[in-house]
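Look over the sequence and the model, then read on.

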Amino acid sequence: MKPRTAKSMELYDVMLKRGYLKEFCEQITLNLNTDWTATRMLGYLSHYNKLPMEEVADEMLAILSDRKRIMQKHEIEETNMKWNQLMMQGFDE
C-alpha cells in the first residue's frame, strides 16, 4: 500500500477524536490512503456524530469499490481511444 496522504491523516485524526479505536482508524486510513478516498469518507462522516464501526467499514468498502470502478472505466476509455486511433490510422509497417 502507498503511504497516507495529508487528507488521509486528517481522516485519522477526525476518527480518533470521535472515539474510534486507534487500530480501527489505522486500518481505515491505510485503505483510504488517497485524497479522493479520504475526502469521500470525511464527507460521509460529516453527516453523523458517531456511527458503528461496521457502518464505517461498509462505507470504506463502498468507496474502494467506486474507486476501482472509476479506474477501470478510465482504463477502458484509454484502450478504446487507442483502438479507434489504430482503426483510423492503420498499422504502421
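Leu11 lies in helix α1. Helices (H or I, at least four residues) and strands (E, at least two) are DSSP runs, numbered from the N terminus. At 0% relative accessibility, Leu11 counts as buried. Buried means under 20% relative accessible area, exposed over 50%, and partly exposed in between, with a 1.4 Å probe and protein chains only.

This is a predicted model, in which local features need pLDDT of at least 70, side-chain atom pairs count only at pLDDT 80 or more, and totals for chains, interfaces and linings use all residues. Residues are numbered from 1 along each chain as its sequence is written, and side-chain values use heavy atoms, with hydrogens and water left out.

What is Leu11 in contact with, leaving aside its neighbours within four places in sequence? The list is Ile28, Thr29, Leu32, Ala38, Met41, Leu42 and Leu45. Contact means heavy atoms within 4.5 Å.

**The chain as a whole**

The chain has four helices and zero strands. Along the sequence the pattern reads α-α-α-α. The C-alpha trace spans about 65 × 25 × 15 Å along its principal axes. The radius of gyration of the chain is 19 Å, while a compact globule of 93 residues would have one near 12 Å. That radius is taken over C-alpha atoms, and the globule rule is 2.2 Å times the number of residues to the power 0.38.

Of the 93 residues, 25% count as buried. Among contacts in the chain with a separation of 6 or more, 68% come from residues 24 or more positions apart. The accessible surface of the chain comes to about 6900 Å², and 55% of this belongs to carbon and sulfur atoms. Such areas come from the Shrake-Rupley method with a 1.4 Å probe; for residues, only the protein chains shown count as cover.

Helix α3 covers residues 35-45. Its buried residues are Thr37, Ala38, Met41, Leu42, Tyr44 and Leu45. They cover an arc of only 160° around the axis, which puts them on the same side of α3. The arc is that of the directions from the helix axis to the C-beta atoms. An α-helix has 3.6 residues a turn, so residues three or four places apart point the same way. The buried residues of α3 pack against α1 (6-17) and α4 (53-89).

Met41 belongs to helix α3. Is Met41 buried or exposed? At 0% relative accessibility, Met41 is buried. Leaving aside neighbours within four places in sequence, Met41 is in contact with Leu11, Leu32, Val56, Glu59, Met60 and Ile63.

**Two more residues**

Thr29 sits in helix α2 (residues 22-31). Thr29 is buried, with a relative accessible area of 0%. Apart from its neighbours within four places in sequence, Thr29 is in contact with Arg4, Ser8, Leu11 and Tyr12.

Ala6 lies in helix α1. Ala6 is exposed, with a relative accessible area of 67%.

**Pairs across the chain**

| Pair | Apart in sequence | C-alpha to C-alpha |
|---|---|---|
| Ala6 and Ala38 | 32 residues | 9.3 Å |
| Leu11 and Leu45 | 34 residues | 9.3 Å |
| Met41 and Glu59 | 18 residues | 7.4 Å |
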